[in-house]
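Subject: Structure handover

Hello,

Here is the structure I promised to pass on. Please open it alongside this note.

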Amino acid sequence: MNYWAIFALATSSFVIGASEFVIVGLLSDIANDLHVSIAKAGLLISAYALSVVFGGPLLATLTFKLPRKTTLMLFCLCFVVGNLLCALASSYAWLMLARVVAALAHGAFFGIASVSAATLCVKEKRGDAIALVFLGLTLANVLGVPLGALVGEQYGWRFPFFAIAVMGVASLCFLALFLPNTIPMPKGKVLREFMILKRFNVQMPLALSVVASTSLFCLVTYIKPILLDVTMAGNAAIVPIMAVFGIGLTIGSILGGKLANKRVIANTIFVMFAVIVIMLAMYFALPHLFAFGAAILLWGAVAFALCPMLQMMILLQARAAPNLASTFNQSAFNLGNSLGAALGAGLIDYGMPLAFLPFVSAGVMLFGIFGAIHLLRYVSRH
């Protein structure tokens with residue numbers, strides 16, 4: 001395995017993840033400074049996710065024939081420019097535009113970075129390589145969000161975006177130094193890659209990514225109100241619980257890489273079943289802080305293990321169109337982010353108690369198990 005190249009890709013994924021998630025801890029400051037409501041400021045998150053959904057496939061198509069190293073560096077540059085524009089935005093409209101710019105290359109970067117990482121190692125280590133790339137995204141959640149909120153509180157909400165732009169320049173240098181110039185390129189025509197996306201065994205992993213992400217964000221979006229209103233833990237417990245969840249995500253990223261190396265579809269079914277069991281147990285853990293902390297650690301580890309597993313699954317099922325399919329997989333994850341948050345919000349507005357969200361998350365994951373079993377049978381027959 002080319003560890004220096006994987007390090008460069010993981011560093012860039014950290015920057016990209018920080019770019020996406022840092023705004024979570026800055027919403028109140030942005031709303032106050034730009035004189036908009038919290039709800040309107042929250043649309044900056046939705047706009048980012050939707051830009052990933054649509055921007056990834058578009059940029060993957062436009063850069064289809066460019067060398068992979070050049071493409072990844074261009075995408076990284078897009079993040080640098082986007083975050084610099086965020087820091088300099090003089091109004092809500094300009095900040096919204098800057099967020100869209102920063103998000104456009106997100107899906108395409110992770111799609112092509114996953115394929116590149118898999119080609120930089122032996123077949124038996126491809127799952128580990130993909131997991132290491134996604135580990136940067138996980139650490140952005142664990143470290144980037146709290147650090148961004150802390151820095152933003154001390155120096156203003158614009159400073160974290162400046163810092164991310166600087167880190168982006170550093171990651172751009174790492175890509176230039178450590179990525180080989182001979183990363184395998186896709187062969188054939190882009191239209192042929194789109195045609196491969198019509199196959200059931202390619203569409204189903206994309207659907208599973210939507211389901212897994214919907215299940216995750218249906219609950220994780222509302223961890224804070226659950227802690228305050230169900231666990232009755234108070235604000236002091238929020239940071240420790242989210243730190244525990246972050247540790248779980250990190251463990252999950254590594255675990256998923258191991259499970260993705262062999263029998264990935266069967267292992268995915270097992271992990272999805274484990275998520276459901278943990279979700280059902282979490283309902284009983286919610287009133288007790290330490291039990292909730294243990295449950296959320298296990299949940300983070302098991303649920304996020306699906307991320308590298310599903311990425312490997314799409315690579316295996318779309319061998320003739322790995323770059324475009326991997327990019328669509330990132331779009332699928334972000335679509336699930338939006339659907340999960342919206343599903344939770346809709347049910348809560350309808351009057352469903354917050355404590356029932358684990359049941360909803362488990363119910364969504366049931367669809368994933370049915371789909372994965374159907375895919376396993378299809379692949380076995382073909």
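Predicted model: local features only at pLDDT ≥ 70, side-chain atom pairs only at ≥ 80, totals over all residues.

Residues are numbered from 1 along each chain as its sequence is written, and side-chain values use heavy atoms, with hydrogens and water left out.

**Cores**

The largest nonpolar core has 101 residues. A nonpolar core here is a set of buried Ala, Val, Leu, Ile, Met, Phe, Trp, Tyr and Cys residues joined through side-chain atoms within 4.5 Å. Buried means under 20% relative accessible area, exposed over 50%, and partly exposed in between (1.4 Å probe, protein chains only). Leu9, Phe109, Ile223, Met282 and Trp299 have the most contacts inside this core. Its largest share, 16 residues, comes from helix H14 (residues 289-317). Helices are DSSP runs of H or I, at least four residues, numbered from the N terminus. A second, separate core has 25 residues, including Ile23 and Ala98.

Phe109 has contacts (heavy atoms within 4.5 Å) beyond its neighbours within four places in sequence. Among them are Leu9, Leu72, Phe79 and Leu175.

Ala18 sits in helix H1 (residues 3-21). It counts as buried because its relative accessible area is 4%. Leaving out residues up to four places away in sequence, Ala18 touches Ala140 and Ile164.

Asn201 belongs to helix H10 (residues 200-220). Its relative accessible area is 13%, so Asn201 is buried too. The Asn201 side chain makes a polar contact with the side chain of Gln317, at 3.0 Å. A polar contact is a pair of N or O atoms within 3.5 Å; within protein, one must be able to donate a hydrogen and the other to accept it, and residues adjacent in sequence count only if both atoms are side-chain atoms.

Most residues other than glycine have a negative phi. What is the phi of His35? It is near 60 degrees, a positive value. His35 lies in the loop between helix H2 (27-34) and helix H3 (38-62). At 72% relative accessible area, His35 is exposed.

Met232 also has a positive phi, about 55 degrees. Its loop runs between helix H11 (223-229) and helix H12 (238-259). Met232 is exposed, at 62%.

Best wishes

Definitions and conventions
Helix = DSSP H or I, 4+ residues; strand = E, 2+ residues; numbered from the N terminus.
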